[in-house]
Amino acid sequence: MGKLYLELIRIRFLTMLAYRVNYYSGIIIYNINIGAYYFLWGAIYGGQKNLAGMTVEQMTAYVAIAWMSRAFYFNNIDQEIAQEVRDGKVAIEMIRPYNYLTVKAAQALGEGIFRFLVFALPGMILVSFFLPFSFPSTWGAWGNYLTSLLLAFVINTEINLLTGVLTFFLFRNEGIMFAKRVVVDLLSGLILPISFFPIWAQAIMNYLPFQAINYYPSMIFAGAVGPEKAGEVILLQIIWVVILLLPISLLWRLARRKMIVQGG
Amino acid sequence: MIEIKGLEKEFRIHQARPGLAGAFRDLFNREYKTVKAVDDISFQVEAGEIFALIGENGAGKSTTIKMMTGILTPSGGEMKINGFVPYKQREEYVKSIGVVFGQRSQLWWDLSPLESFRLLKSVYKVEGKEGDAWLDRLVEELEINSFVSQPVRKLSLGQRMRCEVAASLIHRPQLLFLDEPTVGLDVLVKQKIREFLRNLNETEKMTVLLTTHDVSDIEALCKRVLVMDKGKLIFDGLLADLREKWGNGTEVVFQFKAKTTVEQVRAVLGDMPCELSRENEYSIRIKIQRSQEMLPYVLSTVMSSFDVSDVKMVETNTEDIVRNIYSTKDEVVAHG
C-alpha cells in the first residue's frame with residue numbers, strides 16, 4: 001500500500017512540474033506576498049518599537065515563516081473533490097481499489113512537498129538576504145518544527161476533506177469552501193499572530209483547530225515556543241488530528257450511500 | 001459469476017417550484033420526488049459470456065452498471081459478483097473487474113498513457129515479468145505502441161479509447177464492463193476494439209458486459225442481450241430470440257420460372273399464418289412471423305409445388321428490432 005501512495009505523490013510532483021509557468025510564477029508570488037506583508041507591518045508599527053510583545057523584526061520574521069509553513073500545508077483538495085463530484089469523475093475513483101479520501105490526502109502531500117521545496121525554500125533563502133531573519137540553530141528545533149508542520153498539514157487536509165465531502169450533499173458549496181479558506185487564513189495566525197487577537201477571542205480559539213495549522217509550527221520555528229513546550233504543542237496537534245477523523249469518516253459513509261454520479 | 005436478485009435504486013429528486021415566490025419557498029422547504037431508476041432487476045451470468053445491456057437513454061442501464069461496479073449503493077435487492085458484494089467489499093471487489101466509461105477518461109490528462117499504466121500497475125500491485133508481458137501484449141494487440149508515450153491530451157479519440165481499454169485491463173480482471181465504449185469512433189477503430197475483445201474473451205475466458213447504443217457492437221460481439229426500459233428488465237435472452245420476439249420476422253422472396261399469383265401460393269400453403277405479397281408477376285414475398293419453426297415448412301412446400309429459380313431471404317437486423325422495441329414500448333411493458 002505504501003508503494004501506491006509514494007507513486008501518487010510522485011505523479012502529483014510530475015504534473016506540477018509539467019507547467020513551467022506555474023512553477024516560476026509560484027516563487028514570485030510567494031515573495032510578493034511576504035514583501036507586501038513586510039511593508040504593511042512596517043506601516044502599522046510606524047515608529048513604535050513594540051506591539052503586543054513583538055518587535056517589528058520579530059513580526060517580519062513571523063510573516064515569512066508563516067508563509068513558508070502555508071506553502072506546505074495549503075492545498076486545494078476540497079475544490080478538487082468538488083470538481084470531481086460535479087463532473088462525475090468521482091466514478092473513476094470509485095472503481096479503484098483504494099480509499100478515495102486517503103488518495104486525495106496523498107496527492108495533497110505530493111503538492112505540499114513540491115511547494116515547500118521549489119516555492120518556499122528558495123523564497124526563504126531569497127528573503128533572508130533582505131530581512132533580519134534566523135533559522136533554527138539546533139537539529140532538535142528543526143525536528144520539532146517539521147513534525148509540527150506535518151501535523152499542521154494533516155489537520156488542514158482533514159478540514160479540506162470535510163468541506164470537500166460536503167459537495168456530495170450540497171452539490172454546490174463554493175461558498176463554504178471560500179469561507180473556510182478565509183477563516184483558516186485568519187484564525188490560523190497567517191494574517192495576524194494569535195497574540196494580537198483580544199483575550200476573549202484567544203480563549204475561544206483555544207477550542208478550535210485553526211491555530212494548530214499555522215501558529216504552532218511558526219512559533220516553534222521562531223523559537224517563541226521552546227523545546228520544553230514544543231512537546232505539549234505537538235500533542236495538542238495530534239489530539240486535533242484524531243478528533244477530526246471522526247466527522248470525516250461519518251460524512252464519508254453517508255456520502256457513499258447518497259452518492260449520485262453526474263452525467264450518464 | 002454474476003448473480004443479481006431484485007436490484008433496486010431510488011433517487012430523491014428535488015422538485016423546484018415555479019416562479020420567484022416558488023424559488024423563495026424552496027429556500028426553506030423543498031419538495032422531493034422519489035424516482036425508481038432501477039426497478040426489481042434479476043439476472044445471472046456465467047463466466048466467459050459476452051453480453052449486452054441495451055435500452056434508451058434514461059432506461060437505467062448506467063445506474064445498473066454503476067451499482068455493479070460498486071460505485072453506487074443499491075436501495076434494495078441482492079447482488080453478488082465474483083464472490084463479492086460490490087458496494088460492501090468495494091476495495092477488494094474492484095481488483096477483479098475492469099471498467100471502461102466511454103464518456104469519461106481514466107487516464108491522466110497531462111501524462112502519457114505509459115505513465116498512467118505505470119501508476120495503475122502500482123494501484124493494482126501488478127508486479128514482475130508476468131505483468132510486463134501482459135502489458136506488452138495489450139500494447140501490441142491494441143496497436144498503441146506508436147503513441148503510448150505522448151501526453152493523453154494530444155491523442156485522437158480513437159487512439160485514446162484504445163489506451164483506455166488497455167488501462168482497464170492492466171490487472172487482468174475476470175470481468176470487464178464497457179459503458180458505451182464505441183461512441184464517436186470511426187468504423188476502423190470500432191472494428192479493432194471489437195476484434196481485440198473477442199480475442200480476449202476466447203483466450204482469457206474474460207466475461208464482458210457491454211452497454212451500447214450501437215447495434216453493430218452487439219451483433220459483432222454478443223450472443224446474449226438484456227433490454228431495459230424505465231428501470232425494468234424487459235428482455236433477457238439470446239440475440240436470436242430477441243430477433244424473433246420483436247423482429248419483423250423473416251421475409252422470403254421467391255422468384256418463379258412461370259407467372260404465379262398470390263392465390264396459387266396461398267392455396268399450397270393452406271391457412272399457414274403468414275403474409276403474402278406480390279413483388280412482380282414472377283416474384284412473391286412471404287413474410288413469416290416465427291421463423292424457426294415455419295421457415296423450413298414454407299421453403300419445402302413452395303419449392304416442391306412450383307418451379308423456383310431463386311430464393312432470397314431477408315432477415316431483420318437488430319437495428320430494426322431496437323427501433324421496434326422503443327416504438328412499441330407500452331405494449332412491451334404490458335407483455336413484460
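Predicted model: local features only at pLDDT ≥ 70, side-chain atom pairs only at ≥ 80, totals over all residues.
Which residues in α1(A) are buried?

Helix α1 of chain A runs over residues 2-17. It has 16 residues, and from its first C-alpha to its last it reaches 23 Å, close to the 22 Å expected at 1.5 Å a residue. The buried residues in α1(A) are A:Leu4, A:Leu8, A:Ile11 and A:Arg12. Looking down the axis of α1(A), you find its buried residues within an arc of 100°, so they line one face of the helix.

What covers the buried residues of α1(A)? The cover includes α6 of chain A, residues 100-130, and also α4 of chain B, residues 113-123.

That brings in the second chain. In chain A, 23 residues are in contact with 23 residues of chain B. On the side of chain A that touches chain B, α1, α5 (90-94) and α12 (227-258) each supply at least two residues. The helix that gives the most to that side is α1(A), with 6 residues. Sorted by class, the side of chain A that touches chain B has 13 nonpolar, 4 polar and 6 charged residues.

Next, the cores. The largest nonpolar core has 130 residues, and those with the most contacts inside it are A:Ala64, A:Ala71, A:Ala152 and B:Val225. Helix α3 of chain A, residues 56-73, gives the most to this core, with 12 residues. Take A:Ala71 as an example. Leaving aside residues up to four places away in sequence, A:Ala71 touches A:Tyr30, A:Arg115, A:Phe116, A:Phe119 and A:Ala120. There is also a second, separate core of 9 residues, which includes B:Val252, B:Phe254, B:Cys274 and B:Val298.

Last, chain B as a whole. How many helices and strands does chain B have? The secondary structure comes to 13 helices and 13 strands. The radius of gyration of chain B is 25 Å, well over the 20 Å that the globule rule gives for 336 residues, so chain B is more spread out than a compact globule. Along the principal axes, the C-alpha atoms of chain B fill a box of roughly 75 × 60 × 40 Å. Of the 336 residues in chain B, 35% are buried. Among contacts in chain B between residues at least 6 apart in sequence, 71% join residues at least 24 apart.

Methods: Residues numbered from 1 in each chain as written. Chains lettered and ligands numbered in written order. Helix = DSSP H or I, 4+ residues; strand = E, 2+ residues; numbered from the N terminus. Rg over C-alpha atoms; globule rule 2.2 N^0.38 Å. Buried ≥ 20, exposed ≤ 12 C-beta atoms within 10 Å, placed from the backbone. Contact = placed C-beta atoms within 7 Å. Expected span 1.5 Å × (residues − 1). Arc of directions from axis to C-beta. Nonpolar A, V, L, I, M, F, W, Y, C, P; charged D, E, K, R; others polar. Core = buried A, V, L, I, M, F, W, Y, C linked by C-beta atoms within 7 Å.
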